[in-house]
Amino acid sequence: VAFEAFGDAIKDAIPELAIAVSASYQNQGIGTALLKQTLEIASAQFPSICLNVRSDNAALRLYERVGFVKVHGSDQVNRVGGTSFNMLRTFE
């Protein structure tokens, strides 16, 4: 499933993921383990899962490693003046 932009174009069947790890627990593999477990559970129930991320977020590399791809055309200025965009992980 490919989407050119989010908003009204995303089907209701695709949930949006919001995830965070407290700064004192980062770089210990906790976020990776949490995300992989979440994706495993989601893959049994949904065709895809999406998220929104700031372009300067260090977790961006993690999202790419586990199969999320940037949704082209979804770039937007976020509340702090930077750029955010949507990512989609489709399950096979």
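In the predicted model, the side chains of lysine 70 and aspartate 75 form a salt bridge with an N to O distance of 3.1 Å, where a salt bridge denotes a side-chain nitrogen of Lys or Arg within 4 Å of a carboxyl oxygen of Asp or Glu. A search of the whole structure returns one such salt bridge. Lysine 70 is partly exposed, at 34% relative accessibility, and aspartate 75 is likewise assigned as partly exposed, at 42%; in this scheme, buried means under 20% relative accessible area, exposed over 50% and partly exposed in between, with a 1.4 Å probe and protein chains only. Side chains of opposite charge can pair when their charged atoms come close.

Because the model is predicted, local features need pLDDT of at least 70 and side-chain atom pairs count only at pLDDT 80 or more, whereas totals for chains, interfaces and linings use all residues. Residues are numbered from 1 along each chain as its sequence is written, and side-chain values use heavy atoms, with hydrogens and water left out.

The protein chain contains two helices and four strands, arranged along the sequence as α-β-α-β-β-β; these elements are DSSP runs numbered from the N terminus, with helices (H or I) of at least four residues and strands (E) of at least two. Of the 92 residues in the protein chain, 30% are buried. Among contacts with a separation of 6 or more, 66% link residues 24 or more positions apart, a contact being heavy atoms within 4.5 Å.

The largest nonpolar core comprises 15 residues, of which Leu35, Phe68 and Met87 touch the most other members. Two or more residues each are given to this core by α1 (30-43), β1 (48-54), α2 (60-65) and β4 (83-90). Such a core is a set of buried Ala, Val, Leu, Ile, Met, Phe, Trp, Tyr and Cys residues joined through side-chain atoms within 4.5 Å. When residues up to four places away in sequence are not counted, phenylalanine 68 touches Leu17, Leu35, Leu39, Ile49, Cys50, Leu51, Tyr63, Met87, Leu88 and Arg89.

Asparagine 78, located in the loop between β3 (76-77) and β4, is buried, with a relative accessible area of 14%. Its side chain is joined to that of serine 84 by a polar contact of 3.0 Å, a term that requires a pair of N or O atoms within 3.5 Å, one able to donate a hydrogen and the other to accept it within protein, with residues adjacent in sequence counting only if both atoms are side-chain atoms.
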